[in-house]
Amino acid sequence: MLTRNCLSLLLWVLFDGGLLTPLQPQPQQTLATEPRENVIHLPGQRSHLQRVKRGWVWNQFFVLEEYMGSEPQYVGKLHSDLDKGEGTVKYTLSGDGAGTVFTIDETTGDIHAIRSLDREEKPFYTLRAQAVDIETRKPLEPESEFIIKVQDINDNEPKFLDGPYIASVPEMSPVGAYVLQVKATDADDPTYGNSARVVYSILQGQPYFSIDPKTGVIRTALPNMDREVKEQYQVLIQAKDMGGQLGGLAGTTVVNITLTDVNDNPPRFPKSIFHLKVPESSPIGSAIGRIKAVDPDFGQNAEIEYNIVPGDGGNFFDIVTDEDTQEGVIKLKKPLDFETKKAYTFKVEASNLHLDHRFHSAGPFKDTATVKISVLDVDEPPVFSKPLYTMEVYEDTPVGTIIGAVTAQDLDVGSSAVRYFIDWKSDGDSYFTIDGTEGTIATNELLDRESTAQYNFSIIASKVSNPLLTSRVNILINVLDVNEFPPEISVPYETAVCENAKPGQIIQTVSAADRDLSPAGQQFSFKLSPEAAIKPNFTVRDFRNNTAGIETRRNGYSRRQQELYFLPVVIEDSSYPVQSSTNTMTIRVCRCDADGTILTCNVEAIFLPVGLSTGALIAILLCIVILLAIVVLYVALRRQKKKDTLMTSKEDIRDNVIHYDDEGGGEEDTQAFDIGALRNPKVIDDNNIRRDIKPDSLCLPRQRPPVEDNTDIRDFINQRLQENDLDPTAPPYDSLATYAYEGNGSVADSLSSIESLTTEADQDYNYLTDWGPRFKVLADMFGEEESYNPDKVT
């Protein structure tokens with residue numbers, strides 16, 4: 001301390017005497033801040049050429065951290081050259097820590113630190129000092145700034161801010177392989193002494209790893225470290241300051257090092273032969289067994305690929321790898337048959353997918369094992385000879401005709417008989433039957449291709465020895481077409497011809513349609529009907545391409561003479577048997593222009609050329625309407641007159657004889673006769689009584705059994721139908737023929753008792769009980785009398 005004071009005094013003398021020019025102080029120097037140079041006007045002023053002296057002198061600029069003394073720590077002294085020691089100058093201190101950390105003696109200018117300081121908390125303080133006149137309180141010199149630095153001591157140990165560490169290194173790495181670099185941080189001042197100089201060392205983890213003392217890089221220290229022997233290592237690292245010397249502070253951290261896997265081990269089967277048993281009924285694609293090779297490696301280095309060595313089982317079996325368990329799953333490629341082959345033997349090879357070239361010298365990374373599979377016998381269902389049966393049958397084939405057969409066999413040892421059944425989807429599909437023993441399929445109903453062209457159903461075959469074992473096969477039956485429908489002309493059925501048409505002119509082209517399933521190359525022929533071929537007004541020209549043209553045969557047509565022509569066209573098909581039909585075309589005569597364009601075909605146009613105008617036609621129609629109104633009025637008056645005469649006769653109080661001459665109104669009298677009986681002959685079996693006649697409650701005819709068919713009506717209708725078909729005068733177009741028929745009498749015969757041969761006493765009324773509950777009273781009245789029996793004791 002004395003040396004420092006002497007040095008400061010010497011420097012002050014030199015600077016104050018002008019012998020030396022002070023250098024600009026640096027923040028690291030022992031002097032604080034540079035004093036300011038300015039001109040101060042004091043008593044006894046100097047000349048303007050006189051050099052301005054420095055205003056402050058500091059004796060101390062450092063303070064020791066963590067000071068533990070009983071007295072405040074002395075920092076330094078402030079002094080002004082205007083201070084003559086007379087007590088007229090007062091020193092003030094302001095800035096960082098002024099009054100709380102640092103204090104100044106206002107008279108002497110001595111600065112002290114009043115508490116312990118920590119460099120790591122605040123390394124320096126910036127303060128400002130000023131000298132003022134104690135009486136006037138005015139500054140004697142400008143305020144000056146200086147810095148007080150806290151001098152460091154070794155009070156902080158090194159710390160690993162990122163610890164603990166996790167690192168990895170591949171197994172089998174060479175000596176010196178890089179693992180990890182650690183770093184410790186010391187909070188002490190690295191520019192002052194060795195307090196922050198750190199040295200690294202390993203406390204735990206040798207001889208497996210080493211560390212560089214200066215850089216903290218950890219490396220492997222032993223060759224061929226095997227993950228399968230030991231995978232995890234815990235290394236304890238120490239960092240010590242003061243360059244590792246005695247008295248230095250130390251910090252530690254843990255480094256967890258994992259050996260990562262490399263593919264240095266081949267897969268190995270634990271045994272050389274694997275035995276498996278498989279039922280012959282196993283489905284294709286099912287897993288029938290598992291085998292596994294062991295690989296001590298990890299992850300993708302332990303992934304194994306299995307392959308079947310070409311040989312006995314390559315066609316029937318396949319093997320895939322289970323990615324979760326790394327097992328080889330053996331699957332079935334083809335169906336097994338115990339009766340054909342009972343055992344299979346093949347080899348399986350296991351190999352690694354990801355190889356490491358560094359370990360090729362260790363040998364092949366694969367292994368083989370033998371697999372023996374025994375096929376177990378299973379009671380199997382019958383087997384059909386075909387997977388699908390396709391049959392054909394013509395429509396309208398008689399019921400019971402055999403159209404094909406199916407065959408199923410029991411291939412097990414000691415085969416059993418087979419029974420066949422049709423598996424219908426619904427009750428309405430029973431169009432075919434099958435013989436349960438022979439397997440023959442026959443028709444059960446008449447088939448109609450136009451209704452259903454194809455039938456698809458299944459046949460089930462079961463073993464007699466075990467009916468639960470069944471197999472199924474699909475049957476596809478195509479119904480072949482029979483030429484049963486004649487071809488018909490396609491629309492239009494009506495065409496037009498111009499009045500000025502020329503002979504040989506085609507006025508319409510027609511084509512034909514057939515509801516049958518026409519075979520390829522079906523040909524239709526067109527011609528006139530024989531009766532229309534005599535002096536025809538039109539003819540039919542067959543184009544031989546399933547179309548025909550309506551051709552004119554006259555030179556002009558007159559609508560006034562004939563407005564419509566009916567042309568019967570006969571169309572035949574080329575199938576067997578040949579079907580034909582007569583189709584009537586309507587040809588309307590129209591007025592056309594010179595180019596053949598139709599102008600009009602209506603009725604009004606017929607009269608226009610004669611000279612009648614539209615007004616004249618309306619007048620004629622009006623006259624006709626007036627005449628019809630007169631006739632209707634006359635008929636109404638006549639009916640009113642008859643009604644008045646009848647009312648007069650009713651008002652007469654004398655006895656009158658009223659004669660009812662009602663014989664029925666024929667078919668129009670629906671009250672006396674039910675016309676529905678003509679449309680439904682079976683209605684007569686209901687024994688309906690006429691509604692206009694009150695039935696006799698006592699004499700009722702015995703009910704006859706219902707008539708299944710009224711042959712009388714059928715014969716009558718067939719006779720009238722034949723007469724209309726053979727009538728040469730019948731029109732060529734469709735017409736409605738009415739057949740009137742009133743029946744052949746009552747099925748109850750006559751109700752009169754005139755011709756009755758029996759008396760009332762001989763009449764048997766037991767049939768009344770068969771008439772139902774409506775005749776129960778009559779049955780009880782006439783059936784309660786019993787014949788006298790003298791032997792009966794009452």
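A disulfide here is a pair of cysteine sulfur atoms within 2.5 Å. Before you start clicking, note that this is a predicted model, where local features need pLDDT of at least 70 and side-chain atom pairs count only at pLDDT 80 or more, while totals for chains, interfaces and linings use all residues. Residues are numbered from 1 along each chain as its sequence is written, and side-chain values use heavy atoms, with hydrogens and water left out.

Start with the whole chain in cartoon view. You will find 6 helices and 39 strands; these are DSSP runs numbered from the N terminus, helices (H or I) of at least four residues and strands (E) of at least two. Of the 794 residues, 32% are buried (under 20% relative accessible area; exposed is over 50%, partly exposed in between, with a 1.4 Å probe and protein chains only).

Next, show the cysteines: the structure holds 2 disulfides.

Select cysteine 590 and cysteine 601, whose sulfur atoms sit 1.6 Å apart. Their link is right-handed, with 110° about the S-S bond. Cysteine 590 lies in strand E38 and cysteine 601 in the loop between strand E39 (598-600) and helix H2 (604-607), so the pair ties together parts 11 residues apart in sequence. Cysteine 590 is buried at 0% relative accessibility, whereas cysteine 601 is partly exposed at 23%.

Now move to cysteine 498 and cysteine 592, joined with 2.0 Å between their sulfur atoms. This link is left-handed, at -85°. It connects strand E32 (residues 494-498) with strand E38 (residues 580-592), and the two cysteines are 94 residues apart. Cysteine 498 is buried at 11%, and cysteine 592 is buried at 12%.

Last stop: cysteine 623, partly exposed with a relative accessible area of 47%.
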